[in-house]
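The following paragraphs lead the reader through a single structure. The sequence and the model are shown first, and the explanation then starts from one side chain.

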Amino acid sequence: MDKSLQEEFTQIVKFEPPLYKQRYQFVKDLVEKYKPKKVADLGCADCSLLWMLKFCSCIEVLAGLDICANVMKEKMHTLSPLPVDYLQPSERSLTVTLHHGSVAHKDPCMLGFDLVTCIELIEHLEESELEKFPEVVFGFMAPSIVVISTPNSEFNSLLPRVMLYRHPDHKFEWSQAQFQSWALETARCYDYSVEFTGVGHPPTGMEKVGFCTQIGVFIRKNPRTGESVQSEKPMEAVYKTVFKAVYPSLKDEKYLQNAVINEVIFTAQIIKHRLMSKREEYDDDPERKSKFQPSMDCFSDYLGKLVVEKNMEPFVSGNEVYIPLTTIFSFPKVNRLCGTFEKLCKLIAGKVTLSSDGSAVVFNIEHED
């Protein structure tokens with residue numbers, strides 16, 4: 001390449017959005033495609049990728065691992081549940097855990113993951129660590145999918161102020177051929193397939209340089225048996241857990257009960273408001289009131305003394321409004337939360353004021369305006 005042309009490209013290479021965001025988006029898109037339930041990020045650093053992934057509804061377990069505990073601790077609070085998570089618990093469960101340790105060591109807490117990400121990690125490994133890395137990740141952890149990204153050294157000539165490596169802690173930076181050779185051999189040894197792609201497109205006319213960040217997506221060819229995983233499970237943990245957050249979930253009975261009670265009361269209030277508004281319309285119209293009053297008197301004098309039947313419409317009896325549970329259960333959100341009418345009755349028992357036979361929610365309107 002002509003030196004003057006290279007210098008021109010060096011001045012204009014700029015990524016929008018920034019390269020790190022493109023890498024994270026690549027992982028998020030992969031999650032949306034494959035819907036993994038358990039995801040581990042090796043070399044999670046400041047937890048930025050984990051924070052982004054916690055919003056993916058398919059993920060129920062998130063784990064981060066890094067050799068530097070202090071870096072994780074700076075931002076690990078961003079992975080904690082917020083007040084709104086308690087006010088509106090999700091239908092899924094979510095547990096986030098951070099571990100302090102090396103990717104060169106095996107620990108049973110890293111077994112059972114569907115997707116493992118290693119974003120800009122391997123270039124920070126010493127030669128001895130890099131040698132152990134494939135056995136730990138592909139042999140021991142053996143997830144269904146592994147994503148590895150690393151700098152493409154061929155792109156460095158287009159980046160201003162890059163003399164040797166892009167970061168002082170990098171132990172190496174591979175060309176496309178070097179990365180692909182290592183990845184293909186690793187995939188062959190551990191029975192994975194691998195596809196190559198990347199983020200950070202080169203300038204027009206410089207396509208041979210390749211992506212600024214090269215990425216390998218490894219897919220395990222055959223499911224791993226539980227026996228083989230168990231046989232390799234170490235006796236002792238070697239990582240130190242530095243953070244754990246369990247998000248409130250409707251799969252937890254106490255959060256489900258609170259959500260159902262709140263929704264039942266909210267729904268019953270809406271029905272009551274509509275019923276009382278209709279009643280006021282009749283009170284304001286003498287002609288309509290005369291037609292409506294016998295029915296209301298009938299409710300007060302007769303139906304209010306009877307056990308409320310489950311198929312009855314909401315009605316007023318004296319100072320009380322009765323909202324049948326069957327009516328409340330027919331509302332989509334209540335129905336979805338409970339699943340069955342029996343579950344609805346069980347969750348609200350003793351928590352909501354009900355009629356004597358337990359078939360209707362009762363409101364006293366004596367002191368209401």
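Arg23 counts as buried, at 13% relative accessibility; buried means under 20% relative accessible area, exposed over 50%, and partly exposed in between, with a 1.4 Å probe and protein chains only. This is a predicted model, in which local features need pLDDT of at least 70 and side-chain atom pairs count only at pLDDT 80 or more, while totals for chains, interfaces and linings use all residues. Residues are numbered from 1 along each chain as its sequence is written, and side-chain values use heavy atoms, with hydrogens and water left out.

Arg23 has a charged partner. Glu120 forms a salt bridge with Arg23, and the closest N and O atoms are 3.7 Å apart; a salt bridge is a side-chain nitrogen of Lys or Arg within 4 Å of a carboxyl oxygen of Asp or Glu. Because Glu120 lies in the loop between β4 and α6 (127-141) and Arg23 in helix α2, the pair ties together parts that are 97 residues apart in sequence. The element names refer to DSSP runs numbered from the N terminus, with helices (H or I) of at least four residues and strands (E) of at least two. Glu120 also counts as buried, at 17% relative accessibility.

A search of the whole structure finds eight salt bridges. Another of them joins the side chains of Glu60 and Lys251, at 3.3 Å from N to O. This pair links distant parts of the chain, 191 residues apart: Glu60 is in the loop between α3 and β2, and Lys251 is in the loop between β8 and α9 (253-284). Glu60 counts as partly exposed at 21% relative accessibility, whereas Lys251 counts as exposed at 55%. In general, side chains of opposite charge can pair when their charged atoms come close.

Lys35 also takes part in a salt bridge, with Glu32, where the closest N and O atoms are 3.4 Å apart. Lys35 is partly exposed, with a relative accessible area of 47%, and Glu32 is partly exposed at 37%. Lys35 is placed in the loop between α2 and β1 (38-42). Although Lys35 is not a glycine, it has a positive phi of about 55 degrees.

Two further backbone features deserve attention. Cys47, likewise not a glycine, has a positive phi of about 70 degrees. Cys47 is found in the loop between β1 and α3 and counts as buried, at 0% relative accessibility. A cis peptide bond, with omega of about 0 degrees, joins Glu16 and Pro17; Pro17 lies in the loop between α1 (3-12) and α2.

The strands come next. Eight of them form an open sheet in the order β6-β7-β5-β4-β1-β2-β3-β8, with mixed pairing; two strands pair if DSSP finds at least two bridges between them. β6 (192-199) and β8 stand at the edges, each with a single partner strand, so one side of each is left without a neighbour in the sheet. Within this sheet, strand β2 (residues 61-66) and β3 run parallel and are joined by six bridges. Gly64 stands opposite Leu98 in β3.

A second open sheet has three strands in the order β9-β10-β11, and here the pairing is antiparallel. β9 (315-317) and β11 (360-364) are its edges; each has a single partner strand, so one side of each lacks a neighbour in the sheet. Strand β10 (residues 320-324) pairs with β11 in the antiparallel sense over five bridges, and Pro324 stands opposite Ala360 in β11.

Which residues have the most contacts inside the largest nonpolar core? They are Val31, Leu53, Ile59, Leu98, Val147, Phe155 and Phe243, in a core of 42 residues. Such a core is a set of buried Ala, Val, Leu, Ile, Met, Phe, Trp, Tyr and Cys residues joined through side-chain atoms within 4.5 Å. The elements that give two or more residues to this core are α2 (19-34), α3 (48-53), β3 (95-100), β4 (115-119), β5, β7 (213-220) and β8 (240-246). The largest share, six residues, comes from α2.

Leu164 is found in the loop between β5 (145-151) and α7 (176-189) and is exposed, with a relative accessible area of 61%.
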